[in-house]
Amino acid sequence: MQEHDLLAQDTANRKQALELDSFIVEAPAGAGKTELLTQRFLRLLQTVREPEEIVAITFTNKAASEMRSRILNSLQCAAQGGVPEQAHKRITYDLALRALARSQESGWNLLAQPERLRINTIDSLCSLLARQMPLMSRFGAQPAVTSDAAVHYQEAA
């Protein structure tokens, strides 16, 4: 495949990722995955009743922090009105503008309440869910994460 064909395919894939269908992002480091996921999150903000309906899950705290930072920076840039020059940043900017409009009309106030954006690690999401239903889980107390699970593995076996 020639470079032009690869770029056209990449553009089509990125456009598809902004649709409301499920998808998987798979690309090497530096290929723009975080930017695409930021765009996806901003796009989804335009479709939900409450921002908490969107759940972004990553593997590491660093990745979750980066994702949250990118989304908030995009919303702040859109609020300040500085239109970026790069085409991919303009897409993010336009999506952020629409997300801010939705936030305004729905009273979300995302810039003042960024904690409404659910961007979690897999572990923190599981912990959040377990803490929300302690009676159903029969834990009796709040569950905790352990760094040495060998005892639990032995007990389960």
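These are my notebook entries on one predicted chain.

**Ground rules.** I'm working from a predicted model, where local features need pLDDT of at least 70, side-chain atom pairs count only at pLDDT 80 or more, and totals for chains, interfaces and linings use all residues. Residues are numbered from 1 along each chain as its sequence is written, and side-chain values use heavy atoms, with hydrogens and water left out.

**Overall layout.** I looked up the secondary structure and got 7 helices and 2 strands (DSSP runs numbered from the N terminus: helices are H or I with at least four residues, strands are E with at least two). Along the sequence I read α-α-β-α-α-β-α-α-α. The radius of gyration (over C-alpha atoms) is 19 Å, well over the 15 Å that the globule rule gives for 157 residues, so the chain is more spread out than a compact globule. That rule is 2.2 Å times the number of residues to the power 0.38. The C-alpha trace spans about 55 × 45 × 25 Å along its principal axes.

For contacts (heavy atoms within 4.5 Å) with a separation of 6 or more, residues 24 or more positions apart account for 60%.

**The strands.** Strand 1 (residues 55–58) runs parallel to strand 2 (residues 118–121), and 4 bridges join them; pairing takes at least two DSSP bridges. I checked Ile-57, and its bridge partner in strand 2 is Asn-120.

**Helix 3.** This one covers residues 61–80 and reaches 28 Å from first C-alpha to last, close to the 28 Å expected at 1.5 Å a residue (1.5 Å times one less than the number of residues). Its buried residues include Ala-64, Met-67, Ile-71 and Leu-75. Helix 2 (33–45), strand 1, helix 4 (87–106) and strand 2 are among what covers them. On the face turned away I noted exposed Asn-61, Lys-62 and Gln-80. Just after the helix, Gly-81 takes a positive phi of about 85 degrees.

**Cysteines.** I counted 0 disulfides (cysteine sulfur atoms within 2.5 Å). Cys-77 is partly exposed at 41% relative accessible area, and Cys-126 is partly exposed at 47%.

Methods:
Buried means under 20% relative accessible area, exposed over 50%, partly exposed in between (1.4 Å probe, protein chains only).
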